[in-house]
Structure formats: C-alpha cells, structure tokens
Amino acid sequence: MTTPAIEARNLSAGYGKEAVIRSINIVVNPGEVVALLGSNGAGKTTTMLTLSGELSPLDGEVLIDGKVSKAPLHIRAKNGLSYVTEEKSVIMGLSTRDNLRVGKADVAEALKLFPSLEKRIDVAGGSLSGGEQQMLTLARALGRKPKVLLADELSMGLAPLIVQRLLQAVREAADTTGAGVLLVEQHVRQALKYADRAYVMRRGVVELEGSAKDLASRIDEIEATYFAGAKD
Ligand SMILES: Nc1ncnc2c1ncn2[C@@H]1O[C@H](COP(=O)(O)OP(=O)(O)OP(=O)(O)O)[C@@H](O)[C@H]1O
Ligand SMILES: [Mg+2]
C-alpha cells in the first residue's frame, strides 16, 4: 500500500478554541494532484494552514510520509514541503532569477517548467505581469523539488490560458517528480481536468469527495454546495 505524501486524519482546527474545520480526512499520495474545492469561507485555507504547520490542530493529526508531524512550517519546509499561500509572495524588488535563488529553487529546473520566464529572468518581480508573478511563485515552489506542494488559489484572477498553464505545470511536476499536490482552486472545471481526485468542503467539513472524473460529471452537485455554503 502507498504511504500518503500528506494526510489529514480527523483534523479539526480554528483560530481560537472553536473549530472552524471539523474532522477533516484528506489523503494525497505521491504523484497525485488533489483539488480542494468549496465556497468562500468553507475552510480551505484553514485546512492548508493546518497541513502546513502554520496552525496547530485542535484535534486529530497531520501525517507526512506516514508519520505524525507536529513540526512548524519552517521545519516541514526543510523536509520537502512547499506552501504557496493565498498572499502574493514574489519579492518585488528582486529579479526573477534572484526570486528563484532566495527560494532555493534550481533556476534551470524552474525555466524548464516555464520557458516564457527566461526572457524575463533579469526583470524585477514587481515589473512582471500578474500571470508571470504566479508562474514565478509556482516555479520557485516546484524548483525546490518538494515532496509535497500545498497551493492556495494559485490562479486567482488570472486569464484562462494562464490558469491552464499553471495547472499543467503542477500536473507535470507531480508526474515527473512524484510530488503529492493539494490545490485549492476556484476554477472548478479546469482543476478537475488536471486533478486525479478532489474534495469539496462546505462550512468546515468535507461534503463531497471522489475521482476528478466522477466529480466532473457531478458539477451541479458541487455547485449546489457552493450555493448552500454561504453564511447567512
Ligand atoms: N484569522 C482568522 N481568525 C478568525 N477566523 C478566521 C480567520 N481566518 C479565517 N477565519 C474564519 O474561518 C472560516 C474559514 O475560513 P477560510 O479562510 O479557511 O475559508 P476559505 O475556504 O479559504 O475561503 P476563501 O475561498 O474565501 O479563501 C471563515 O468563517 C473565516 O471567517
Ligand atoms: Mg482561502
């Protein structure tokens, strides 16, 4: 049996004593791309924060490569976890090349993933387009050859072609390096094209889960959780 790259087991977490996510079970195997879907406020970012070690569980546990982890994010990062947060993380004053270097990413590897960054390699991060900045962010995260990639809304606000390019790169990385990827995405249809499996959260719990193929044929059910998900 495969040992999951990362796993949430009965995981509950929140920002005080009250749990915002409750009894979450998520498995990401090596080489898998798994989408985490759900309406605004469903608890996706809270789940990612807890998996990354930024937030401590109130109950349950996070397992990395089969072992319970209580380590903070910087230790998990050293051990092969890359976390792309909701906040933009390109350093605006540094060139593309230096952004890659400070992220300890292999520059050649990163350019292999996104050849279009090559002609922008000496340009300051702040002068890149929004799409290029997100390519750089992803290239930096993947250029470290992580065993686990957690990516929160990588493609927010970007044009469909760039969304596709980012998702393709994630798919490629999982296929070629065996990284396990958990991806929060608002572009549901696109995400399901590239993912192997998906979980749909609503109000702090996992409401639906299945193979991407199965869920792609149940888009109306997924959308129903979005409409029912909003807090009144
Ligand atoms: N720092 C915080 N302190 C207190 N409550 C928070 C904090 N961050 C988020 N929450 C609450 O936790 C719940 C889940 O939020 P979370 O950010 O995990 O949702 P999300 O699914 O990522 O939403 P979005 O799609 O808008 O990014 C929401 O009710 C939110 O108000
Ligand atoms: Mg979020």
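**The ligand, the sheet and the helices**

Visitor: Which residues surround ligand 1?
Guide: The model is a predicted one. In it, the shell around ligand 1 consists of Y15, V20, G38, N40, G41, A42, G43, K44, T45 and T46.

Visitor: Which helix gives the most to the shell around ligand 1?
Guide: By class, this shell has 3 nonpolar, 6 polar and 1 charged residues. The helix that gives the most to it spans residues 44–52 and supplies 3 residues. That helix is α1.

Visitor: Which strands stand at the edges of the open sheet?
Guide: The open sheet is formed by 6 strands with mixed pairing, in the order β6-β7-β8-β3-β9-β10. Two of them have a single partner strand each, so one side of each is left without a neighbour in the sheet. These edge strands are β6 (81–84) and β10 (205–211).

Visitor: Which residue of β10 does Y199 stand opposite?
Guide: Strand β9 (residues 197–202) is joined to β10 by 6 bridges, and the two run antiparallel. In β10, the residue opposite Y199 is E209.

Visitor: At about what angle does α1 run to β7?
Guide: Helix α1 lies across β3 (33–38), β6, β7 (148–152), β8 (180–184) and β9. Its angle to β7 is about 150°.

Visitor: Which residue of β5 does L63 stand opposite?
Guide: Strand β4 (residues 59–64) pairs with β1 (residues 6–13) in the antiparallel sense over 5 bridges, and there E7 stands opposite L63. Strand β4 also pairs with β5 (residues 67–68), again in the antiparallel sense, over 2 bridges. In β5, the residue opposite L63 is V68.

Visitor: Which residue takes a positive phi in the hairpin of β4 and β5?
Guide: This hairpin has 2 residues between its strands. The positive phi is near 50°, and the residue that takes it is D65.

Visitor: Are helices α5 and α6 roughly parallel or roughly antiparallel to each other?
Guide: Helix α5 (residues 130–142) packs against helix α6 (residues 160–177) at an angle of about 5°, with the axes 10 Å apart. Angles under 35 degrees count as roughly parallel. The two helices, α5 and α6, are therefore roughly parallel.

Visitor: How many nonpolar residues has the contact of α5 with α6?
Guide: On the side of α5 the contact is made by G131, Q134, M135, L138 and L142, and on the side of α6 by I162, L166, A169 and A173. By class there are 2 polar and no charged residues, and the nonpolar residues number 7.

Definitions and conventions: Residues are numbered from 1 along each chain as its sequence is written. Chains are lettered from A and ligands numbered from 1 in the order in which they are written. This is a predicted model: local features need pLDDT of at least 70, side-chain atom pairs count only at pLDDT 80 or more; totals for chains, interfaces and linings use all residues. A residue is near a molecule or strand if its C-beta atom, placed from the backbone, lies within 6 Å of it. Helices (H or I, at least four residues) and strands (E, at least two) are DSSP runs, numbered from the N terminus. Ala, Val, Leu, Ile, Met, Phe, Trp, Tyr, Cys and Pro count as nonpolar, Asp, Glu, Lys and Arg as charged, and the others, Gly among them, as polar. Two strands pair if DSSP finds at least two bridges between them. Two residues are in contact if their C-beta atoms, placed from the backbone, lie within 7 Å. Axes are lines fitted to C-alpha atoms, for helices over the stretch in contact, and angles run from 0 to 180 degrees between N-to-C directions. Angles under 35 degrees count as roughly parallel, over 145 as roughly antiparallel, 65 to 115 as roughly perpendicular and the rest as oblique.
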